[in-house]
Amino acid sequence: MQDTLLEKHSVEEILARHMYEDFEIIEILQEIQRMEGYLSEKNLVLTSKRLRIPLSRVYGIATFYKNFTLVPRGKYTLQVCTGAGCLAKGGMKILDRLRNTLQVKVGGTTSDRMFNLETVRCVGCCGRAPVVVAAGKIVSGVDFGEILEAIENLRKRGRDEIAQPARS
Ligand code: FES
């Protein structure tokens, strides 16, 4: 219940910070998605009402741009390389350990909505194989502890951002 109130309050803050200007809708939707990890129906409706623009237009924008998602996704994406070079160096073992540690299947999102787990085919860093890309940053999987450390740092950063939304 408290999360719902905080979330609504924060979306209201985002809308107010943009002075309810309809021409800022893309920035507004980007900020809402950054905060929530996706664009929920209730926030699209709220955006439509506050900006006084038709819901169909808000949906049109939210579905037109590939960067927007209408389904819950994690804040950060973890990509385990399953290219030949990484598989030869234990990439699949890394993937299994991450699935078990995070309790999530490939293509899924952790229950705290902090991480998406995906696979990727060669990110061009075969010399560092096995490789995991954590929120866009390459982490060598040779030391699984390094991967866990990167994940915990991201989790902490994500929680801090949720606790203290950006203000301009
Ligand atoms: S195969 Fe993994 S980085 Fe190339």
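**Two domains.** Begin by selecting residues 2-64 and then residues 76-163: these are domain 1 and domain 2 of the protein, with bounds that come from an automatic or database domain assignment. The C-alpha centres of domain 1 and domain 2 are 30 Å apart. The model on screen is predicted: local features need pLDDT of at least 70, side-chain atom pairs count only at pLDDT 80 or more, and totals for chains, interfaces and linings use all residues. Residue numbers start from 1 along each chain as its sequence is written.

**The whole chain.** Next, display the C-alpha trace of the protein, which spans about 55 × 30 × 25 Å along its principal axes. Colouring by secondary structure shows seven helices and four strands; helices (H or I, at least four residues) and strands (E, at least two) are DSSP runs, numbered from the N terminus. Read from the N terminus, the order of elements is α-α-α-α-β-α-α-β-β-β-α. Of the 168 residues, 24% count as buried, a residue being buried if 20 or more other C-beta atoms, placed from the backbone, lie within 10 Å of its own. Among contacts with a separation of 6 or more, 57% join residues 24 or more positions apart; a contact requires C-beta atoms, placed from the backbone, within 7 Å.

**H2 against H4.** Select residues 25-36 (helix H2) and residues 55-64 (helix H4), whose axes lie 11 Å apart at an angle of about 65°. Axes are lines fitted to C-alpha atoms, for helices over the stretch in contact, and angles run from 0 to 180 degrees between N-to-C directions. H2 and H4 are therefore roughly perpendicular, the class for 65 to 115 degrees. Their crossing is right-handed, meaning that the near helix is turned clockwise from the far one by less than a right angle. Show side chains for Ile-25, Ile-26 and Leu-29 of H2, which meet Val-58, Ile-61 and Ala-62 of H4. By class, this contact of H2 with H4 comprises six nonpolar, no polar and no charged residues. Here Ala, Val, Leu, Ile, Met, Phe, Trp, Tyr, Cys and Pro count as nonpolar, Asp, Glu, Lys and Arg as charged, and the others, Gly among them, as polar.

**H3 against H4.** The crossing of H3 and H4 is right-handed. Leu-44, Val-45, Thr-47 and Ser-48 of H3 make the contact with Leu-55, Val-58, Tyr-59 and Ala-62 of H4. The contact of H3 with H4 has six nonpolar, two polar and no charged residues.

Definitions and conventions: Angles under 35 degrees count as roughly parallel, over 145 as roughly antiparallel, 65 to 115 as roughly perpendicular and the rest as oblique. Two residues are in contact if their C-beta atoms, placed from the backbone, lie within 7 Å. A residue is buried if 20 or more other C-beta atoms lie within 10 Å of its own, exposed if 12 or fewer, and partly exposed in between; C-beta atoms are placed from the backbone.
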